[in-house]
Amino acid sequence: MPGLIEKLGLKPGVIYGDDVLNLFKYAREHGFALPAINVTSSSTVVAALEAARDAKAPIVLQVSNGGAAYFAGKGISNDGQKASVAGSIAAAHYIRSIAPVYGVPVVLHTDHCAKKLLPWLDGMMDADEAFFKEHGVPLFSSHMIDLSEDPVDYNISTTAKYLQRAAPWKQWLEMEIGITGGEEDGVNNEDVDNNSLYTQPEDIWNIYQTLSPISPYFSIAAGFGNVHGVYQPGNVKLQPDLLAKHQAFVADKLKSDDKKPVFFVFHGGSGSSVDDFRTAIGHGVVKVNLDTDLQWAYLSGHRDYITKNIEYLKTQVGNPNGPDKPNKKYYDPRVWVREGEKTMKARVVQALEDFKATGSL
């Protein structure tokens with residue numbers, strides 16, 4: 001049976017515009033979602049791409065503000081978002097060049113951009129505009145603007161301005177309404193009012209009727225109790241069925257037969273149950289963010305390798321096999337970094353299965 005590559009006419013590598021729109025439509029219609037993997041290095045990019053290739057599934061690769069700065073190098077000052085802009089652009093060019101080799105469609109995305117980080121988004125969109133003039137596509141498939149901590153009217157109107165800029169390039173824009181709790185990448189929402197974690201259907205409709213006349217290339221990260229990080233069971237009270245009410249509210253306003261007119265995004269996916277994932281996906285979630293679980297998975301491979309081989313990693317020469325035995329084959333970065341890639345890859349493969357994306361190509 002033909003998969004989405006044949007049905008949608010997609011090519012391996014980073015995709016843009018109508019290809020992104022059609023991919024998300026296909027995912028929504030067929031009941032699966034793409035995992036969005038936060039990457040911070042070429043190593044984490046490779047782990048995610050290898051997982052997608054082996055699972056025969058599309059994937060979203062994204063850089064956060066802090067992850068982008070890390071990609072550029074911790075030795076670079078981030079004054080004026082210099083490192084984050086440079087790191088994002090470097091990551092984008094790397095992903096564009098390597099993704100086709102893995103044979104899977106990739107949505108190249110950037111994560112949470114709060115009000116104070118808008119110069120970062122401006123810098124990336126400047127790069128998008130220059131790249132579009134030369135190549136006919138922007139550098140990035142999509143960006144996320146996150147003004148959820150600001151007043152709703154400001155959030156929506158500012159998002160509309162950025163979507164207006166992105167529209168000629170058919171670039172996707174993700175926006176957040178309703179705060180995601182917990183802590184991620186230096187943004188701490190652990191103490192916010194619990195009611196702020198749940199978006200109202202009127203807000204979803206307000207967003208939809210404001211953005212849709214500008215461009216169809218947008219999605220909404222609506223709050224339904226989402227929390228970044230991993231917490232003890234019972235501490236996070238997700239209500240993914242709220243997304244069904246949002247869809248019904250918008251469909252009724254539109255007088256539409258389409259029961260799921262909105263593209264939703266699930267933030268704070270780490271630690272959530274498969275049932276919650278699949279319920280949310282059934283209500284129109286096409287993208288699920290994963291970060292904390294993958295950080296742990298990447299560490300696990302390194303930790304286990306070092307623990308197992310510690311006697312070979314204390315000196316360059318000398319180990320249990322003899323005082324004159326060299327240890328280079330144990331401390332070569334290509335050996336121990338690879339172990340982290342393997343465990344991160346396995347966790348991404350699990351996510352693809354959990355989100356029903358496996359075998360969709």
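Here is a short tour of a predicted model, stop by stop.

Local features here need pLDDT of at least 70 and side-chain atom pairs count only at pLDDT 80 or more, while totals for chains, interfaces and linings use all residues. Residues are numbered from 1 along each chain as its sequence is written, and side-chain values use heavy atoms, with hydrogens and water left out.

**Stop 1: strand 12**

Select residues 285-290, which make up strand 12. Helices (H or I, at least four residues) and strands (E, at least two) are DSSP runs, numbered from the N terminus. How many of the six residues of strand 12 are buried? Six of the six are, so the strand is largely enclosed by the rest of the structure. Buried means under 20% relative accessible area, exposed over 50%, and partly exposed in between (1.4 Å probe, protein chains only).

**Stop 2: the core**

Keep Ile 37 on screen and bring up Leu 61, Ile 95, Val 106, Ile 220 and Val 285: of the 99 residues in the largest nonpolar core, these six touch the most other members. Helix 3 (residues 42-55) gives the most to this core, with eight residues. Such a core is a set of buried Ala, Val, Leu, Ile, Met, Phe, Trp, Tyr and Cys residues joined through side-chain atoms within 4.5 Å.

Center on Leu 61 next. Leaving aside neighbours within four places in sequence, Leu 61 has contacts (heavy atoms within 4.5 Å) that include Ile 37, Val 45, Ile 95, Val 106 and His 109.

**Stop 3: Ser 64**

Move along to Ser 64, in the loop between strand 3 (59-63) and helix 4 (65-72). Ser 64 is buried, at 11% relative accessible area. Its side chain reaches the backbone nitrogen of Gly 67 at 2.9 Å.

**Stop 4: two positive phi values**

Most residues other than glycine have a negative phi. Gln 81 has a positive phi, near 65°, in the loop between helix 4 and helix 5 (82-102). Is Gln 81 buried or exposed? At 11% relative accessibility, Gln 81 counts as buried.

Finish at Lys 255, where phi is also positive, near 55°. Lys 255 lies in the loop between helix 9 (241-254) and strand 11, and is exposed, with a relative accessible area of 71%.

Definitions and conventions. A polar contact is a pair of N or O atoms within 3.5 Å; within protein, one must be able to donate a hydrogen and the other to accept it, and residues adjacent in sequence count only if both atoms are side-chain atoms.
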